[in-house]
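Subject: Structure handover

Dear colleague,

I am passing on the structure below, together with some notes on what turned up when I went through it. Please read the notes with the coordinates open beside them.

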Amino acid sequence: MLTPLPDKLEIPQGSSRNLWFFAVLILIVLFLGLIMQSFLNKPKLLTDPFLQLPTTNSVRVVWFTEFSGTRNIVAYGENLSKIATANTTKLSRVREDKDSHISDEMKQGIIDNNPIVRHIWRHEAEITNLMPGVRIPYLVTSETKDGESVSSKVFSLSPTPAAGIGLKILFTSDHQLMPMTAANLQKVAETIDKVDAVFMAGDLINIADRASEWFDDDRGRAFFPGLQGRAFSEIDQKGVKTVYSGGELIQHAPIFPTIGNHEIMGRFSTSSSLNDQFNDPFPRAAVEKIYPYLTQKYGMKDKDVLLKNNSFNSDTYNEIFSLPSEKNYYAVTFGDVRLVTLYVTNIWRTPNLDPGARGRYRERDEDFDRPEKWGYGQHIFEPIAKGSAQYSWLEQELYSAEFQQAKYKIVMFHHPPHSLGDNIVPAYTDPVQIVDRTLDGEIKMVRYEYPKQQDYLIRDVMPLLETAGVQLVLYGHSHLWNRFVSSSGMHFLETSNVGNSYGAFAGRKRRFVPPGYGEDYSAIGDPNGLEPVMPTVAPLLGKDGLALPYIDSNDITAFSVFDTGNGTVSSYYFDTRKPDSEVVKFDEFKLKKS
């Protein structure tokens, strides 16, 4: 017998409340989803704006987006009432590949080693009619074709400062997305009241054509975020995790870079990884010899493009920065400083002598009969020897009125002339190729020597700088801090223990020396004969308790600041193992006024 249904179905009070709760919860989730979707669809700036190419009455503002924008402007001045319209260009070579640290969504389009194109636009506006010493507010805005817009925060800008004004200039190099870089830059911002300029001695990133290394590497270590206070780089010291954001520096202060080996890409390819392309530069002279073959293979009539695609290029670096010259060497006056930057770098190759090594001292066994596969040792990208175009330009610059009249004369490039580091060996000269053959003419070895007496920096450039009264030579490359002084009083500073170190070769630590080779490859110390200067304030101590004339640490990061008001270069370190510790000034020296 069936039980009749009641006239009214009553839901227990507790169940009713649960239903209402879940209904409200669903509505909240849907609402939050709509907000999130709206947020994700909003246009974003790929970078904050940064400052470039200041003059006595102007400065350029540059920023990047992933859309071209129908209107890209800088609002500046009192109440941000003045408007400057930006010129927009698209980066031509930036890509991503399977080794990029990017989102899974972006990686979906990558097949095997084939890189994919990143569509990135650069916006640059020149702000004119400025007064030296007067700092004004600015922000940038980019608008999409759908009418949506995105603006930066408000920052400040000014033109080149007048002579006689005390400035604080950051000396840095070799960021390369290394673990301590963001911590280093954060401590710069916390320690120095106001950085007026950044002098960067090369190796800004690792792979120049990998867009994420400049803009948005998902480890939070990309180049621009670090220098703009937008990084999120975590350091784990024995379970103690600290996240560093870098420093808000180049939104307010111009950056003056010099080119390093990591800003240069090798032979272009659509089917090999970006790492492989970076490691595959080919000397221009060697490409010229096979030019007819390349013309037949690629059918390309533009000789310059053909040669560039089959040798090396710095296109991405040149497209990102506004340099005073179309060449990768230039000179500028900034306050009391005349800065001369040179194109002094070569390809880094492994010292390994194994049969499969295409290295600095030999070619691979399998490539002996295939010259198109040779690496040609650590070949130099731009000549600097006496008689070269760059050397002649340098001579003219050193005798110019702008240089002669400057209170402080600084020359900056990437490769070290004096160092305890590894990368100063072999000598900075063109590799001498030696082909060993059997009696019947078969190649049994292709090797390279580097005559120390033909080091172009020591033989040709340093005497020129000494004679011209240069007070400081700034460089990087070996990822350590050390400095030297010549007999004439010219200072040498390598302040590149920023994100990591490759070691100092002093005491019992020895560099690799290729056995059986005839030239001098120094195992220890500075190969070019100077003794390192002991830090004057608080040197680190070695395991034996003795003071060290260098910093080569993967836990302690160092930076240097030049105060033009008193001519003092001060160097500081921060121990990332002690995140709550203070920054320590460990060295200080003065540049004599010219």
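This is a predicted model: local features need pLDDT of at least 70, side-chain atom pairs count only at pLDDT 80 or more; totals for chains, interfaces and linings use all residues.

Gly476 sits in the loop that links strand 22 (472-475) to strand 23 (481-485), and, when its neighbours within four places in sequence are left aside, it is in contact with Ser173, Asp174, Ala201, Phe413, His414, Pro416, Glu494 and Ser496. The C-alpha atom of Gly476 is also 9.5 Å from that of Asn423, although these two residues are 53 residues apart along the chain.

Most residues other than glycine have a negative phi, and most peptide bonds are trans. Against that background, Val425 and Pro426 are joined by a cis peptide bond with omega at about 5 degrees, and Pro426 belongs to the loop between strand 19 (408-412) and strand 20 (432-437). Asn79, which is not a glycine, has a positive phi of about 60 degrees, and its place is in the loop between strand 3 (71-76) and strand 4 (82-85). Leu177, likewise not a glycine, has a positive phi of about 55 degrees and lies in the loop between strand 12 (168-172) and helix 3 (181-191).

Turning to the helices, the buried residues of helix 11 (residues 389-398) are Gln390, Tyr391, Leu394, Glu397 and Leu398. Viewed down the axis of helix 11, these residues fall within an arc of 120 degrees, so they line one face of the helix. The face turned away from this buried side carries the exposed residues Ala389 and Gln396, while the cover over the buried residues includes strand 17 (330-334), strand 18 (337-341), helix 12 (401-404) and helix 13 (456-468).

How do helix 11 and helix 13 cross, and at roughly what angle? Their axes come within 10 Å and cross at roughly 5 degrees, which makes helix 11 roughly parallel to helix 13, since angles under 35 degrees count as such. In this contact, Tyr391, Leu394, Glu395 and Leu398 of helix 11 meet Asp460, Val461, Leu464, Leu465 and Ala468 of helix 13, and the residues involved divide into 7 nonpolar, no polar and 2 charged. Helix 13 also contains Pro463, which counts as partly exposed because its relative accessibility is 38%; apart from neighbours within four places in sequence, Pro463 is in contact with Leu457 and Ile458.

Finally, the nonpolar cores. The largest has 74 residues, among which Phe64, Phe171, Phe199, Phe215, Phe223 and Phe321 touch the most other members, and strand 25 (residues 556-563) gives the most to this core, with 5 residues. Phe223 touches His175, Met200, Leu204, Ile205, Glu213, Trp214, Ile255 and Phe321, residues up to four places away in sequence not being counted. A second, separate core of 33 residues includes Tyr391, Leu398, Ala468 and Leu548; of these, Tyr391, Leu398 and Ala468 also take part in the contact between helix 11 and helix 13.

With best wishes

How values were computed:
Residues are numbered from 1 along each chain as its sequence is written. Side-chain values use heavy atoms; hydrogens and water are left out. Buried means under 20% relative accessible area, exposed over 50%, partly exposed in between (1.4 Å probe, protein chains only). Helices (H or I, at least four residues) and strands (E, at least two) are DSSP runs, numbered from the N terminus. The arc is that of the directions from the helix axis to the C-beta atoms. Contact means heavy atoms within 4.5 Å. Axes are lines fitted to C-alpha atoms, for helices over the stretch in contact, and angles run from 0 to 180 degrees between N-to-C directions. Angles under 35 degrees count as roughly parallel, over 145 as roughly antiparallel, 65 to 115 as roughly perpendicular and the rest as oblique. Ala, Val, Leu, Ile, Met, Phe, Trp, Tyr, Cys and Pro count as nonpolar, Asp, Glu, Lys and Arg as charged, and the others, Gly among them, as polar. A nonpolar core is a set of buried Ala, Val, Leu, Ile, Met, Phe, Trp, Tyr and Cys residues joined through side-chain atoms within 4.5 Å.
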